[in-house]
Amino acid sequence: MRPATLCGSVTWHVKIKDIMSNKIVSLALQGGGSHGAFTWGVLDRLLEDGRLDLEGISGASAGAMNAAVMAQGYVQDGRDGARAALERFWTALSNGVPMDHVTTEGAPVIANPTPMPGMQALLAMTRFFSPTQLNPLDINPLRDILVEQVDFERLRSQRELKLFIAATQVSTGTLKIFRNPDLSVEVLLASACLPSLHRPIEIDGEAYWDGGLTANPPIFPLLHSCAARDVMVVLLHPSRRAGTPTSSHDIGQRLSEISFSSAFFTELSGLALAKREAENSTLAFGSLERRLRQLNIHMIDANELMEQLTNLSKLNTQASFIGSLFQQGRERASEWLEQNFDQIGHTSTFDLSRFLS
């Protein structure tokens, strides 16, 4: 007898069982320009899998874009809506070429792909001219895409997903976290505002630069403001590079990677120390202490892939490159789920203790 013949009761119980069996996680999404298409691939695969429910998402720069766009689709049409929203965003960003017109299945990432010659010329000029001089009209195509695709009023009012968007306050050099009620197109642009390319974004009388300078991505809001035991971090910067850079190009690249990763690694070090102290404590009286004991950290990255890519490739929006990164992200997420899904809710799959002295 099929479940439908039992007045729908069996079907209802199956749905409830599916919901109860899902694992709840929070996401932390690192920034990295067009390399964020790798994160898009990871998110697409996690959403497709359907066994994870999301509570909170933190992000900086491209991570902030992915977080807001995914949330927009999620609150509108669930997982399928989130996947469609991310595809629309990255299609618009990748020179307007639809992703289904680009061959991505099994496509290798181009070694050291660079942006178009015009963009390279612009980057050379940033050494001599400020963003205000180079772009007096403050033209930013990303603004138009966000205004068209994201309903910020709905994001501000929804309670299904908690969002934490990082930006750097120019006057103090400190981190600013924007939450759901604060969200606007200016907040997202501030989170992705590279000082050499864009003039600071002003919000309530304060100027802001790229959030990746002070938190890439931020972890502590997910610890303090979410109940999920598991935090899943999607990394775009290589956590380790073999060898010591000797050329001026390689030195500059590594310095950039360190500057956009140091705040994150510092936060992980503090988290590792706090978690160790909480676990060594005989009694956990405080809510934060109990939270730290239960906390599980997971990382999805592609260190070997990212080692192949230069900083300039973060500005490459060619559809073939974006599509290839997307496919790589999906494949990496599939591998991670196969190897680690059962550990979610039980233990960390990332060793925090390596950040302890």
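Which loop holds Pro-217? Pro-217 lies in the loop between β6 (206–210) and α9 (220–225), where helices (H or I, at least four residues) and strands (E, at least two) are DSSP runs, numbered from the N terminus. The peptide bond from Asn-216 to Pro-217 is cis, with omega near 0°.

The structure is a predicted model, in which local features need pLDDT of at least 70 and side-chain atom pairs count only at pLDDT 80 or more, while totals for chains, interfaces and linings use all residues. Residues are numbered from 1 along each chain as its sequence is written, and side-chain values use heavy atoms, with hydrogens and water left out.

**Chain overview**

The protein chain has 14 helices and eight strands. Of its 357 residues, 48% are buried; buried means under 20% relative accessible area, exposed over 50%, and partly exposed in between (1.4 Å probe, protein chains only). The accessible surface of the protein chain is about 17100 Å², and carbon and sulfur atoms account for 54% of that surface. Accessible areas come from the Shrake-Rupley method with a 1.4 Å probe; for residues, only the protein chains shown count as cover. Among contacts (heavy atoms within 4.5 Å) in the protein chain between residues at least 6 apart in sequence, 78% join residues at least 24 apart.

**Backbone and cysteines**

Two residues have a positive phi although neither is a glycine: Ser-61, at about 55°, and Asp-204, at about 50°. Ser-61 is placed in the loop between β2 and α3, and Asp-204 in the loop between β5 (201–203) and β6. Ser-61 counts as buried because its relative accessibility is 9%. Asp-204 is exposed, because its relative accessible area is 80%.

The whole structure contains zero disulfides, a disulfide being a pair of cysteine sulfur atoms within 2.5 Å. Cys-193 has 1% relative accessibility and so counts as buried. Cys-226 is also buried, at 5% relative accessibility.

| Residue | Relative accessibility | Class |
|---|---|---|
| Cys-193 | 1% | buried |
| Cys-226 | 5% | buried |
| Ser-61 | 9% | buried |
| Asp-204 | 80% | exposed |

**Cavities and pockets**

On a 1 Å grid over the protein atoms alone, a cavity is a set of points where a 1.4 Å probe fits but cannot get out, and a pocket is an open set with protein on both sides within 12 Å along at least five of seven lines; lining residues have an atom within 4 Å of a point. Grid points are joined across faces, edges and corners, and a volume is the space filled by probe spheres set on the points.

A search of the whole structure gives four cavities of 30 Å³ or more. The largest cavity holds about 70 Å³ of space. Its lining includes Leu-27, Leu-43, Asp-53, Met-70, Tyr-74 and Arg-79. Two or more lining residues come from each of α2 (36–49), β2 (52–60) and α3 (62–93). By class, this lining has eight nonpolar, no polar and two charged residues. Here Ala, Val, Leu, Ile, Met, Phe, Trp, Tyr, Cys and Pro count as nonpolar, Asp, Glu, Lys and Arg as charged, and the others, Gly among them, as polar.

The second largest pocket holds about 190 Å³ of space. Twelve residues line this pocket, and Arg-241, Ala-242, Pro-245, Asp-250 and Gln-253 lie nearest its centre. Helix α10 (residues 248–259) gives the largest share of the lining, four residues. The lining of the second largest pocket divides into two nonpolar, six polar and four charged residues.
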